[in-house]
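Student: Could you walk me through how to read this model?
Tutor: Gladly; let us look at it together.

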Amino acid sequence: TSIDRSYAFGAKAALSLLEKLDIYYRAVHDSPDLVGLKFQVFGASEAEAKEGFKMALAAGHGASDKSEGTLAVSNNGSSKRDYSASIKVKAWDVALINGYRTSKSSLYYLNTFYSTYKTEGVLTSSTFTPENVRGTSRSYGGLLGFKYSTENDRAYILVEAGATHARWEKQLDTTGLTAGSAIGFRF
């Protein structure tokens, strides 16, 4: 019952459905892919890149069902057991995004979010009785970030940092700092 540092490759795509409504797809290695909607509550849309305050709401859902291969599991420091693992995850994510654009190229933002991951797993072994694992992970937090776009708006970089509080049932309750960066291209 711990959270360990990990590094993962991710990708995100978005498509405008209406002037202030986008559909998005987010994939991160070893996590369920999410499909969601983002609605611009006030302020000009991202495509207009007008200066001033902005606010958007986003909500996404995803699921995965996969085999994790062989895992070595220990129970509070006792001997390790080898299991084959199958894990199903259902994920929900909501976010409130506030931003301020100082110029066509520069955007500062504060993203607050809440996520829940409902997990069911089965650990099987040729030696030991199968183990069922169930639980829900809940996390919330905030990210403060900066996005800089090129003049033609075809490429951008962003840098962000924040804090996340995570809880897994009654076994884990922790807060950690996060940091990230991205490079993106528009087509």
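Tutor: Let us start with D93, which counts as buried at 9% relative accessibility. Buried means under 20% relative accessible area, exposed over 50%, and partly exposed in between, with a 1.4 Å probe and protein chains only.

Student: What should I know about the model itself?
Tutor: This is a predicted model, where local features need pLDDT of at least 70 and side-chain atom pairs count only at pLDDT 80 or more, while totals for chains, interfaces and linings use all residues. Residues are numbered from 1 along each chain as its sequence is written, and side-chain values use heavy atoms, with hydrogens and water left out.

Student: Where in the fold is the place of D93?
Tutor: Strands are DSSP runs (E, at least two residues), numbered from the N terminus. D93 sits in strand β5, residues 80-101.

Student: How many salt bridges does a search of the whole structure find?
Tutor: Side chains of opposite charge can pair when their charged atoms come close. The cut-off for a salt bridge is a side-chain nitrogen of Lys or Arg within 4 Å of a carboxyl oxygen of Asp or Glu. Searching the whole structure gives 1 salt bridge. The side chains of R26 and D93 form a salt bridge, at 4.0 Å from N to O. R26 belongs to strand β2 and D93 to strand β5, so the pair ties together parts that are 67 residues apart in sequence.

Student: Is R26 buried, partly exposed or exposed?
Tutor: R26 counts as partly exposed, at 28% relative accessibility, whereas D93 is buried.

Student: With which side chain does D93 make a polar contact?
Tutor: A polar contact is a pair of N or O atoms within 3.5 Å; within protein, one must be able to donate a hydrogen and the other to accept it, and residues adjacent in sequence count only if both atoms are side-chain atoms. The side chain of D93 makes such a contact with the side chain of S115, at 2.4 Å.

Student: Which residues does D93 touch?
Tutor: Contact means heavy atoms within 4.5 Å. Leaving aside residues up to four places away in sequence, D93 touches R26, L34, A58, A59, G60, Y114 and S115.

Student: In which sense do β2 and β3 pair?
Tutor: Two strands pair if DSSP finds at least two bridges between them. Strand β2 (residues 21-28) pairs with strand β3 (residues 34-42) in the antiparallel sense, over 6 bridges. D22 stands opposite K38 in β3. Their hairpin has 5 residues between the strands, and D30 takes a positive phi near 65° there.

How values were computed. Helices (H or I, at least four residues) and strands (E, at least two) are DSSP runs, numbered from the N terminus.
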